[in-house]
Structure formats: C-alpha cells, structure tokens
Amino acid sequence: MAAPGQNLKIDGQRLWDSLMEMAKIGPGVAGGNNRQTLTDADGEGRALFQKWCEGAGMSMGLDTMGNMFARREGTDPDALPVYVGSHLDTQPTGGKYDGVLGVLAGLELVRTLNDLDIKTRHPIVVTNWTNEEGTRFAPAMLASGVFAGLHDEEWANQRTDAEGKTFGDELKRIGWKGDEPVGERKMHAFFELHIEQGPILEAEGKDIGVVTHGQGLEWTQLTITGKDAHTGSTPMPLRRNAGLGMARVLEKVNEIALAHAPNAVGAAGHIEVFPNSRNVIPGKAVFTVDFRSPDIKVLTEMVSQMKKAAQKICDDMELQVEFEKVGGFDPVEFDQGCVTAIRSAAERLGYSHMELISGAGHDACWINQVAPTAMVMCPCVDGLSHNEAEEITLEWARAGADVLLHAVVETAGVEG
C-alpha cells in the first residue's frame, strides 16, 4: 500500500494534554498514578477514554474480559481492522505514560485523520487491554492472554487479589464487563506504542525503537531447606544455613546471566527467608529466579545451568533444594511486515532509530500469536518505569505517535 506523506503528523500538544488529563485520574502520592486494574479509578479512566473516543466519532465495543475496542470505520466493510493500543491500568506506584501513551496515541492518530478528512480502507480500532500490569490480579497481560487463547476465561475470572476479591466480580462491580465473546475479533494487524522502560534509546540518543523481538522468560521458584538454629550458640561448621545457600545460588545466577550477555538477563526479585528472625539462622529460603532471553536455546541453557549449580551448592552445604517452574513464556519474534512498516515510518519522518529487543512483557507479545504484530518504542528518562518518577518528553511522545500513525495508515491503506 502507498506510504503516507511526510507532512502527515499528529498534534503533539493535544496528545500531551490528553496524557495529563488522564493522569488526574488515580493520582499517586509522588506525581505518578495508582490506577490499578478494576478499581474505581480504572473505571473512571475507562469512562474518560470512551467519552473521548465517541467524541472522535468512534463506536465502542466491550468484551467479557473488559477489553475496550473503539472503532473508526474504513471504506471497505469487508476489510479486517488494523488494531492499535495498549493499556490504561498502572502499577500501585506507576507513572503517567506506561501503557497509557499507547492507548492515547491511538486516539490521537484517529483525531488527526479526522482533522485531515483522511479515510482508510481498513477500519482502525483503538484498544485498551484489561489488566496488563498484573499487579492486582496475576498474571500480567491477563485479558490479552485470554483473547489470544493462552488462558482460560473462567480461570482468569477466578484470579484473586490480596483481599480475596476475584477478577470476575470486580470487573462486574465497576461496570465494565461486556457481552461480546472474548477472542472472536479478527485483526489485519496490531501495533503497540510503548515507552522503552529501559535506558538504551536515551543513552544512544535515538528517537525511536523498532522492536523486533520480545524476550522469553522463565520463572523458577527454588525452596532451599536447612535447619533453624540460634545465631549465637551454633558453631559455624554445624550450621545448615538456607539463607547462605540462597546467597550462593544468586551469585551463580548473576554469573550465568553475565556469561550470556548482552541480551540475556537474570535475577531474583521475590525472596523470602524463614523464620525471618534476627537471632535465628534461616532454616528455609524461598525465591524466584527470573531469566530472560530472546533466544529460547539460551533461556533453556541458563535455567539448566542454574539448576545444576544450585543442586551442587546445596549438596555441598547439606541442604535440600526443590525447583518449581512458576511462570514463563517463549521469546517473541514480531511480524517482519509490521516491523518494516515501523522502520520505514521512522526513516520517512527523519527520526533517528534503532532496533530493540523488549525486555518487558506487553500485550503485543500475546496478540502476536493471533495476528501480525509489532511495537514502536520511545525513550524514557534514565530508563525508569514502574515508578512515579517515570518521565518522557512531549517531543518523544510526538515522535513515537507520528511513527505509529504512519505505520498504521500505511497498513490500513489511504483512500484517494
């Protein structure tokens, strides 16, 4: 399809104003946002998004997982829509841009097409996926996962939060459970704009990240068992210190990830020791090792090396160790045609760009399994995200939205 002209650009100030207006809903305590999924604030944010979409002439669809689909009609009633979007929910101490930029940039590109009276052959649908963050109801990317057939809907509805409330009940409570069966929509393509959530683009001085892959992930929970004992009266040679065993395993995790640099990473974020008392040598340690790589062979090898090293460490220390896979997904390779549309858009618009591998999970990673998909990223200050201090500039937002606009319009086809 013909590429749009260089002068086709979004209204950067209007996009920024929309971001700031949405940020007023579910404010955090330090300048960011706490708009966790299926809270009253989430419902309020959804209502504002729907109001804006209807003001732009779009019709709103809502499925049984609460996914929102705002449709701008195309000239060909039989053409599959081009989808674009991300998520409006945030972390408890989230920023104003993570996810939200991708949703509101989709709205802005529709507003721009309306302003210029540009019609596309394929319809364009702006999407808000429910519970991308997974902070209240695990796992992350829950609703897009159900849409793509990776999760069972009934299972998803039974996910509980820290207070025992279920996803299904809370979705009904806030009034955003639709009637449309989830996953029945067919897509011509899906594009997602997101802040990088890492430091590479800013460090390299690039305006745009052309995302070619998403890292695969494997979470392995280790339970190391030793023996509780008094920290003062137990001789050093007689200790069976599960905490020390964990520390030695984590040192190996770091070594393994470094040996597979630069694209592989590894660490443990969830750590518990028992009984967690100042004067008791830990008799048990439970922790989750998080390995990530865009290469499935590398990912598998790192997990294997970790298990072998952990077993030897624990055997040498007379400790018991158990391994349990508690999460993960294979690496993602985004559609070459969609990736090319993003790269070509950046070049056409004169924005500096580079290829990126996404280190975080995104709804696009799941949708990639059912439709041609790609992502575009813009920088964020110091690579900081999932933090109220998360920050981008109007110029970065504009550049990302311009590239998104061009990639979507080229894929949707300009009439006339």
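Ser 18, Glu 21 and Met 22 of helix H1 meet Gly 45, Leu 48, Phe 49 and Trp 52 of helix H2, where contact means heavy atoms within 4.5 Å and where helices (H or I, at least four residues) and strands (E, at least two) are DSSP runs numbered from the N terminus. The residues of this contact divide into four nonpolar, two polar and one charged, with Ala, Val, Leu, Ile, Met, Phe, Trp, Tyr, Cys and Pro counted as nonpolar, Asp, Glu, Lys and Arg as charged, and the others, Gly among them, as polar. The model is a predicted one, in which local features need pLDDT of at least 70 and side-chain atom pairs count only at pLDDT 80 or more, whereas totals for chains, interfaces and linings use all residues. Residues are numbered from 1 along each chain as its sequence is written, and side-chain values use heavy atoms, with hydrogens and water left out.

H1 (residues 12-23) and H2 (residues 40-55) pack at an angle of about 150°, their axes being 10 Å apart; axes are lines fitted to C-alpha atoms, for helices over the stretch in contact, and angles run from 0 to 180 degrees between N-to-C directions. H1 and H2 are therefore roughly antiparallel to each other (under 35 degrees counts as roughly parallel, over 145 as roughly antiparallel, 65 to 115 as roughly perpendicular and the rest as oblique).

An open sheet is formed by four strands in the order E9-E11-E7-E12, with antiparallel pairing, two strands being paired if DSSP finds at least two bridges between them. Strands E9 (265-274) and E12 (320-329) stand at the edges with a single partner strand each, so one side of each is left without a neighbour in the sheet. Within the sheet, 10 bridges join E7 (residues 216-225) to the antiparallel E11 (residues 284-293), and Trp 219 has Asp 290 in E11 as its bridge partner. Helix H8 (residues 242-259) lies across E7, E9 and E11, and runs at about 5° to E11.

For "binding site", an unreviewed UniProt entry lists Asp 98, Glu 133 and His 386; positions are given in the numbering used here, feature names are shortened, and annotations may be inferred rather than shown by experiment. These residues span 289 residues in sequence, yet no two of their C-alpha atoms are more than 9.6 Å apart, so they gather at one spot. Asp 98 lies in the loop between strand E3 (82-86) and helix H3 (100-115).
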